[in-house]
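Okay everyone, thanks for coming. I'd like to walk you through a structure and talk about its charged pairs, then its pocket. Have a look at it first.

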Amino acid sequence: MNKSTVLSNVNALTDSTKVIVLTANAVNGARENYLARGFDDYISKPIEVDVLESKLRKYLPKALIEKTGNGKNGKNGKFTIEKVEDDK
């Protein structure tokens, strides 16, 4: 399944789910292309942990993120993400 098909399937299920494309396509204009196609954000490989953490904190509900580390100024601390069971 390609990225566009995945995005269409997710959007058909819910309007509130954020979709971040993870791709090896890091050429100039790739980010803008994916955002124009409807993705909410973009991460290129190789994945930088700080970038991934930043994106997760940006899109996950604050109630699901708990700080467990002692990083300087709140950075580089460890974060945990709780699993939430569906009510279905």
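Glu53 and Arg57 sit four residues apart in helix 3, so about one helical turn separates them. Keep in mind that this is a predicted model. The two side chains form a salt bridge, and their closest N and O atoms are 3.0 Å apart.

Okay, how many salt bridges does the whole structure have? The search finds four. Some of them share partners, and that joins Arg31, Asp41, Lys55 and Lys58 into one network.

Let's go through part of that network. Lys55 pairs with Asp41, with 2.9 Å between the closest N and O atoms. This pair links distant parts of the chain: Lys55 is in helix 3, Asp41 is in strand 2, and they are 14 residues apart. Both Lys55 and Asp41 are buried; for Asp41, the relative accessible area is 0%.

Asp41 has another partner, Lys58, and here the closest N and O atoms are 3.6 Å apart. Lys58 also lies in helix 3, so its pairing with Asp41 in strand 2 ties together parts that are 17 residues apart in sequence. But Lys58 is exposed, with a relative accessible area of 55%.

Next up, the largest pocket. Its volume is about 230 Å³. Which element gives the most to the lining? That's helix 3, with four residues. Strand 1, residues 20-23, supplies at least two as well. By type, the lining splits into eight nonpolar residues, two polar and two charged.

Leu22, Ile47, Leu52 and Leu56 make a nonpolar patch of about 300 Å². Take Leu56: it is in helix 3, and it is partly exposed, at 33% relative accessible area.

Last, let's zoom out. The protein has three helices and four strands, and along the sequence they follow the pattern α-β-α-β-α-β-β. Of its 88 residues, 18% count as buried.

Definitions and conventions: Residues are numbered from 1 along each chain as its sequence is written. This is a predicted model: local features need pLDDT of at least 70, side-chain atom pairs count only at pLDDT 80 or more; totals for chains, interfaces and linings use all residues. Side-chain values use heavy atoms; hydrogens and water are left out. Patches are made of residues with over 30% relative accessible area and no salt bridge: like charges are joined within 9 Å, nonpolar side chains (Val, Leu, Ile, Met, Phe, Trp, Tyr) within 5 Å. Accessible areas come from the Shrake-Rupley method with a 1.4 Å probe; for residues, only the protein chains shown count as cover. Buried means under 20% relative accessible area, exposed over 50%, partly exposed in between (1.4 Å probe, protein chains only). On a 1 Å grid over the protein atoms alone, a cavity is a set of points where a 1.4 Å probe fits but cannot get out, and a pocket is an open set with protein on both sides within 12 Å along at least five of seven lines; lining residues have an atom within 4 Å of a point. Grid points are joined across faces, edges and corners, and a volume is the space filled by probe spheres set on the points. Ala, Val, Leu, Ile, Met, Phe, Trp, Tyr, Cys and Pro count as nonpolar, Asp, Glu, Lys and Arg as charged, and the others, Gly among them, as polar.
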